[in-house]
Amino acid sequence: MSNNQQPISLLLCALGGEGGGILTDWLVEAARHAGYAAQATSIPGVAQRTGATTYYMEVFPVPMAQLGGRKPVFGLNPLPGRLDALVSSELLETGRQITNGLASDSHTLVITSSARALTTGEKMVMGDGRRDASELIDLVNTHSRARHVLDMAALTKQAGTVVSAVMLGAIAGSGLLPFARQDFEAVIGSGGASAKASLRGFALAFDAVQAQRAQAAYVEQVLAPEPTPAAPGLPAALAREFPPEVHPLMSLGHARVSEYQNAAYGTHYAARLRRVLEAEKRTDPQGEHGWATTVEMARWVALWMAFDDIVLVADLKSRASRQARVRVEAKAGNDDLLRVYDHFKPGAPEFAAMLPTGMAQRVLAWDRKRVAAGKAPWALPLKIGTHSVLGMLALRGLAATKRLRPLGSRFQAEQALIDRWLAAVVQLTSVHWQLGHEVALCGRLIKGYGSTNERGKDNLLHIIDHLALPALNDPSSAAQRCRAVAAARTAALSDEAGKALDLALQQHGAPARPVKAQPIRWQHNPRLKVKAVAPHSAPH
């Protein structure tokens, strides 16, 4: 034995309830089973997503039988830059430990999940407050000598176990510790459904990490780049017409709108993007910006075209995949009877949305008259048992009315607004690429449902009319208006009340939004609630 032999050090990070203590106990028992000395300590954190409980472990890499009665001396806490392995069940938590200086690019193996558990701060942002996962991955790549990134949440769900079993399998598959696979599996055990599920999770992670190691070894030998495959789902004709940079998002958008309505709707989606691409080619013929405006429009146009309505809700709630998911979430077995009740409360706006414009206006006027008389807005509370034949037929019947959707007043109104935004993007992109791109990014203002959705559309149109389109008459102001549109968009996403947006508008010489009474429009949440009643055992 070398006199300078050092213990192998691991820092284990788990969120509340993920079994970090169990994982540590398993590793210590595996070391003892394999005949190695080990020691573990825990560092308590705070509850849930504001922090994690970390566990520090050291394993002496020489079997105890070869130590001649001598005992290794272990440390109680990790040393910055000297950590051999950082293992974490959540990507942002991995990044936090790296920023603490514990990992190094010359010494540390990082094993992390690509899955995220959003922080409270991320959820509170009006816009998309999520941390960029690609930045976190770059952080892992920069501060590790080697890394294994896998979706531990998906593997956990697939195995029906807890994430600690998956983390154990990943550690075993990495080859970091001098134990055999049997040593790890022995501490999990084999009796009972829980142990069998843990073994399944262990095996999935073990195989995934082993596959990554084999792939990394192969890449070291053969560094030839592989051709980029065609985006799945994008028709060949469109794949030839649009640049490869557009394919990933366009394929998803085309599939979404085609499923939402029909193939003709998907063709209309492609035609809209074609107008944007032609405009972008006029100001950026070589695609030096990666066709970024067309890429952004591929995302936001699809989301807007597939807006939520009661037809879509009925379709989603009556799909077989949804029924299967509810059974899994309710932990219903094959011999269990499960009753599922969906609670609907469609109001006059929802019904008016499906009617032609003239009829819709009469329905809305009737409802406004009720409200003016001091009555509550009209709504039809429904409780549909989607476990029953009649309940499922009702939903499927409503879903089948999507053929009539283009006749509805809301469909026509949404298409007109989309075309108005699209025309602005095309006009502005044709004369000033950056300004057109900023207006395309404003598509993220269209989100949510009810008053939130309506407010987003009003904000978008106000920004277009008062900050962006004036550049057509004064091209020299285009660069200044780029900054103004970006500032207004950021303000609109940061403040639901709109005060920040009004301030940003006035700072850039535009009028504040007009104060107006909230009209009775599509105000109810189309993502309606489901109540699952506990399963009952079926008679044999």
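I count two residues as in contact when heavy atoms lie within 4.5 Å. With that rule I looked at the contacts between residues at least 6 apart in sequence, and 72% of them join residues at least 24 apart.

**Ground rules**

I am working on a predicted model, where local features need pLDDT of at least 70 and side-chain atom pairs count only at pLDDT 80 or more, while totals for chains, interfaces and linings use all residues. I number residues from 1 along each chain as its sequence is written, and my side-chain values use heavy atoms, with hydrogens and water left out.

**Overall look**

I looked up the secondary structure and found 22 helices and nine strands in the protein chain. Here helices (H or I, at least four residues) and strands (E, at least two) are DSSP runs, numbered from the N terminus. Along its principal axes the C-alpha trace spans about 90 × 70 × 45 Å.

I then checked the surface, using the Shrake-Rupley method with a 1.4 Å probe; for residues, only the protein chains shown count as cover. The accessible surface of the chain comes to about 27300 Å², and carbon and sulfur atoms hold 56% of that. I call a residue buried under 20% relative accessible area, exposed over 50%, and partly exposed in between (1.4 Å probe, protein chains only).

**Cores**

Next I went inside. My nonpolar core is a set of buried Ala, Val, Leu, Ile, Met, Phe, Trp, Tyr and Cys residues joined through side-chain atoms within 4.5 Å. The largest one has 56 residues, and Met-250, Tyr-269, Met-297 and Trp-421 touch the most other members. Several helices each supply at least two residues of this core, among them helix H10 (247-260), helix H11 (263-283), helix H12 (292-305) and helix H18 (409-431). Apart from it I found another core, of 37 residues, including Val-59, Ile-111, Ala-172 and Val-209.

Leaving out residues up to four places away in sequence, Met-297 touches Leu-273, Val-276, Ala-302, Trp-421, Leu-422, Val-425 and Ala-440.

**Thr-429**

I stayed with helix H18, where Thr-429 lies. Is Thr-429 buried or exposed? Thr-429 counts as buried because its relative accessibility is 1%. Its side chain reaches the backbone oxygen of Val-425 at 2.6 Å. I list this as a polar contact (a pair of N or O atoms within 3.5 Å; within protein, one must be able to donate a hydrogen and the other to accept it, and residues adjacent in sequence count only if both atoms are side-chain atoms). Not counting residues up to four places away in sequence, Thr-429 touches Ala-279, Glu-280, Thr-283, Thr-293, Gly-436 and His-437.

**Salt bridges**

For a salt bridge I want a side-chain nitrogen of Lys or Arg within 4 Å of a carboxyl oxygen of Asp or Glu. Searching the whole structure gave me 22 of them.

- Glu-29 and Arg-32 meet at 3.2 Å, N to O. They are three residues apart in helix H1 (residues 20-34), so about one helical turn separates them. Glu-29 is partly exposed at 38%, and Arg-32 is exposed at 56%.
- Arg-96 and Glu-93 meet at 2.7 Å, N to O. This pair sits three residues apart in helix H2 (residues 91-99), so again the separation is about one helical turn. Arg-96 is partly exposed at 35%, whereas Glu-93 is buried at 2%.
- Glu-296 and Arg-299 meet at 3.7 Å, N to O. Both lie in helix H12, three residues apart, about one turn of the helix. Glu-296 is buried at 14%, and Arg-299 is partly exposed at 33%.

I also noted a network of salt bridges linking Glu-259, Asp-315, Arg-319 and Arg-396.

**Around strand E8**

Last stop: Ala-379, in the loop between helix H16 (357-372) and E8. Ala-379 counts as partly exposed, because its relative accessibility is 21%. Which residues does Ala-379 contact, leaving aside its neighbours within four places in sequence? I found Lys-345, Pro-346 and Gly-347. Ala-379 and Lys-345 are 34 residues apart in sequence, yet 5.9 Å apart in space, C-alpha to C-alpha.

Strand E8 (residues 382-385) includes Leu-382, which is partly exposed at 34% relative accessibility. Phe-351, Leu-380 and Leu-382 form a nonpolar surface patch with about 210 Å² of accessible area together. My patches take residues with over 30% relative accessible area and no salt bridge, joining like charges within 9 Å and nonpolar side chains (Val, Leu, Ile, Met, Phe, Trp, Tyr) within 5 Å.
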